[in-house]
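Please open your viewer and get ready to select a few residues.

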Amino acid sequence: MADNKTTRTTSSDAKRNRTYAEIRAERDGKKPQAAPVEKMEWWRAILAIFGIAAVATGNMPGRKKESWIRSLIYAGLIAFIIRTFFFEAFRIPSGSMKNTLLVGDHLFVNKIGYFIETPKYIPFTETEIPHLHLKTWSVKRGDVVVFEYPGDRDEVVPHEKKVNYIKRCIGLPGDVIQIKNKQVYVNGSIFPNPSESILERDTERAGVVDPRIFPHGAQWNKDNFGPLKIPKTGDVIPITKDNIDQWEVFIEREGHKVELGMNDQIMIDGKPASEYKVQRDYLWMMGDNRDDSEDSRFWGFAPMDNVVGSGFIVYWSWYDPPSSGNGDGYDPDEVQQFHIRWDKIGHLIH
């Protein structure tokens, strides 16, 4: 009896003498722990825009590893949404927009300035898929625009898809373009040269024919060109055996088959035709470096549907000379060593 009393007294004393901390520790040990909540590392999304990925090394606890993987997936998804609908980073590889944009300039392009568009291709392929292309605001004359290259002058389908060009929009749908001794005219009025454009003194005189010029068979050159009307939706173009060479590729790019039938009759989709009704709006694009730019003067109209966005801001700029093995090309006006163009960083594009 004495032993039992001693036992009960000892047990009672133990319960009475436990501290609050001991009781709380025992209670917490009996219930499951809440899963830790980690903040999303948003900087990963920004890095992913440029294709930069952080790589984890070493072994991780299972739960921490799963959390890291989820963060990476979320960051990739956010980056994909930003690149698809809002902003995308591009690099300038050539001097056709000099001095507005230089080789080695890295810029952000505003992708909602003109359209909201869902992906046009299956990721990492050139396979086109059905997509939406919803207009938001209009392209304006003078805008610096990124667009998908429609192909060389005589190509119905570009030999390489998903190639993006950046040029200045000179003409809108329905405008009449003409160039006289290098000076551009739009609808009969002088189009002011951009402040940083480059025009060489040497000029090809009117009457000298450049066989590379658009459209096929035109009796013009890059310095004396036109007049030429930019097509817009609903325009009716007369088609004859004398001008079919100029319009055949254009019509076929809009999805129709053009043939020459008996007695030189023009056939569109197997039916006789003397005119063609335009189905899309088009733009006229030119580089600011007018004598060293492969632009609409050589390959023609840029479909409005091909517009990607507008040049927004230069976020980084450097020059990597050819001697490094990674250079963007020789430019006699640049110092022939690696350097950063600090004055270009943060420069708004206009």
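Here is the tour, stop by stop.

This is a predicted model, where local features need pLDDT of at least 70, side-chain atom pairs count only at pLDDT 80 or more, and totals for chains, interfaces and linings use all residues. Residues are numbered from 1 along each chain as its sequence is written, and side-chain values use heavy atoms, with hydrogens and water left out.

**Helix H5**

Select residues 244-253, which form helix H5 (helices, H or I, are DSSP runs of at least four residues and strands, E, of at least two, numbered from the N terminus). Colour Ile-244, Trp-247, Val-249, Phe-250 and Ile-251, which are buried (under 20% relative accessible area; exposed is over 50%, partly exposed in between, with a 1.4 Å probe and protein chains only). Now show the strands that these buried residues pack against: E11 (236-238), E12 (258-260), E13 (266-268), E15 (275-277) and E16 (282-286). Contact here means heavy atoms within 4.5 Å. Just after H5, click on Gly-255, which has a positive phi of about 100°.

**His-347**

Next, go to strand E20 (residues 347-348), where you will find His-347. Is this residue buried or partly exposed? His-347 is partly exposed, at a relative accessible area of 25%. Leaving aside residues up to four places away in sequence, display what His-347 touches: Glu-196, Phe-312, Ile-313 and Val-314. Finally, draw a distance between the C-alpha atoms of His-347 and Tyr-315: the two residues are 32 residues apart along the chain, and these atoms are separated by 7.5 Å.
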